[in-house]
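Colleague: I have some questions about how the terms are applied here. Please set each value against its cut-off.

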Amino acid sequence: MSKKTLIIGGGIAGITAAQKIAQNGGEVILTEKEGTLGGNFAKLTYTFPVLGDAKALVSQEVQKVQATPSIEILTNTAVAACQGEIGDFTVELSTSNGTRKENVGAIIVATGFHYMEPTAYTEYSYGRNPNVVTSLEFEKMAAENRLPQGDVRVVFVHCVGSRDKAKGYVYCSKICCSYSAKHAIMMKKANAQSKSYVFYIDIRALGKGYEEFIRSAMEEYSVRYIRGRVAKVLESEGKLLVRAEDSLMGNPVEVEADLVVLASAMEAPIGSREMAAILGIATDEYGFFQDVESNVRPCHSSKPGIFLAGSCTQPMEIASAVAMGGLSASEALAVTR
Amino acid sequence: MRLRIHEDGIRTIVEEGIQKSLTACLQCSKCGGGCARTEEFDLSPRQVIEYLLDCLDEQVLDSRTIWLCGKNCTGCEAICPVGIPLNEIMATLREEAKRRGIEPKYVQPSLIYHKFEHCSKHRKEGEEC
């Protein structure tokens, strides 16, 4: 039996799992398909509900795994093949220096999520007008100090691709309500003159401090929340015209905006079904990896010895991904030690 | 006046017609927000659905919306996130209204709508679209 654990994915869930296994005397091979560790977390500027420095937080965790001798990190690496069973898997890794075979006792899949590209939403002028951006692009703008200056209006649009059976996914992406509030606060902090508007259907603030965080956006940062799903974003004389119905009034409304931010859905990571086929595990209807039992065994895949962690299983926030990383680590240790 | 909730309305006729439950509606209000003629409506399309669910049949059949919505236009259907066939619903409601002898409110579709909403070259001429 091999005492090593293979962790696929170097985002916060994979990093946490690697740290916990190493702290408890296990050995880890941590693979990442990109050139650097950190995953989606590393693309953020601030965390919520406390505005923490995301890049500092994640690099602290990355440095910890880099400094741990029992964690071997392989970047630019993909899993090409996987045979065997619990306690004795043979995996083929394609690295930048060619392929290599490894024998591992357990596997943790932590491949993260992908932000949906809202190209299907032509009614929002996405892809046509450079001032209609996704939340991820907004993060990048914030990190590079490119948020609009002066007397500007910024509109945040919830549920783009989420809760949309017709063009997106039926599920709620869970974190968009909170990160849109974060973005509205970031906007106000970066430009005190700016005015922010958030169009929502329902506000889902499902975490400790989340409700208070969103209330603070409204009460302390003067973000105006309007209940109604945005129907159209039109281009009008160099500005954007956002049209919706204020459903509490039952009245059509429009806002002239300089920037429109679309909170696009969290979707399954690209290539998740191919990855599942290589590993011999199941995915759900959306391509997220399927757990065998969602309440008491959230990190057990359909195959014994292969465990799941983080947002490759469902949309989730950083705190949950960390918790699931820790849980999957203890499951892997139970197999390998 | 407080509404006493009950279940005996034309909702069932409408649902049989579209082979779908009206409870699919998210009440997100995207339909009314994008509608070019929403200002002529007394009920927005999602309100028609909520009224039907509440069995407020008379208010629905007496509304202007059912005579205006769903004629030569699929604006709301096209953007509805759950694909509710609003045109079919409105057609069923018009039939039901006719059966009950309720006079149509507006029969002619708005020509302004056709000219300015569907033809982008007119949009820049200062006309409301």
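Modeller: This is a predicted model. Start with helix H1 (residues 12-23) of chain A and helix H2 (residues 54-66) of chain A, which pack with their axes 10 Å apart at an angle of about 40°.

Colleague: Why are H1(A) and H2(A) called oblique to each other?

Modeller: Their angle is about 40°. Roughly parallel requires under 35 degrees, and roughly perpendicular runs from 65 to 115. The pair is therefore oblique.

Colleague: What is the hand of the crossing where H1(A) passes H2(A)?

Modeller: H1(A) passes H2(A) in a left-handed crossing.

Colleague: Which residues in H1(A) meet which in H2(A)?

Modeller: From H1(A) come A:Ile12, A:Ile15, A:Ala18 and A:Gln19. In H2(A) they meet A:Val58, A:Glu61, A:Val62, A:Lys64 and A:Val65. The residues of this contact divide into six nonpolar, one polar and two charged.

Colleague: How do you know that the radius of gyration of chain A agrees with a compact globule?

Modeller: A compact globule with 337 residues would have a radius near 20 Å; chain A has 21 Å, so the value agrees. Along the principal axes, its C-alpha atoms fill a box of roughly 65 × 40 × 35 Å.

Colleague: How many of the residues of chain A count as buried?

Modeller: 50% of the 337. Buried requires 20 or more other C-beta atoms within 10 Å.

Colleague: And which helices and strands does chain A have in number?

Modeller: Seven helices and 18 strands. Among contacts between residues at least 6 apart in sequence, 66% join residues at least 24 apart.

Definitions and conventions. Residues are numbered from 1 along each chain as its sequence is written. Chains are lettered from A and ligands numbered from 1 in the order in which they are written. This is a predicted model: local features need pLDDT of at least 70, side-chain atom pairs count only at pLDDT 80 or more; totals for chains, interfaces and linings use all residues. Axes are lines fitted to C-alpha atoms, for helices over the stretch in contact, and angles run from 0 to 180 degrees between N-to-C directions. Helices (H or I, at least four residues) and strands (E, at least two) are DSSP runs, numbered from the N terminus. Angles under 35 degrees count as roughly parallel, over 145 as roughly antiparallel, 65 to 115 as roughly perpendicular and the rest as oblique. A crossing is left-handed if the near helix is turned anticlockwise from the far one by less than a right angle, and right-handed if clockwise. Two residues are in contact if their C-beta atoms, placed from the backbone, lie within 7 Å. Ala, Val, Leu, Ile, Met, Phe, Trp, Tyr, Cys and Pro count as nonpolar, Asp, Glu, Lys and Arg as charged, and the others, Gly among them, as polar. The radius of gyration is taken over C-alpha atoms; the globule rule is 2.2 Å times the number of residues to the power 0.38. A residue is buried if 20 or more other C-beta atoms lie within 10 Å of its own, exposed if 12 or fewer, and partly exposed in between; C-beta atoms are placed from the backbone.
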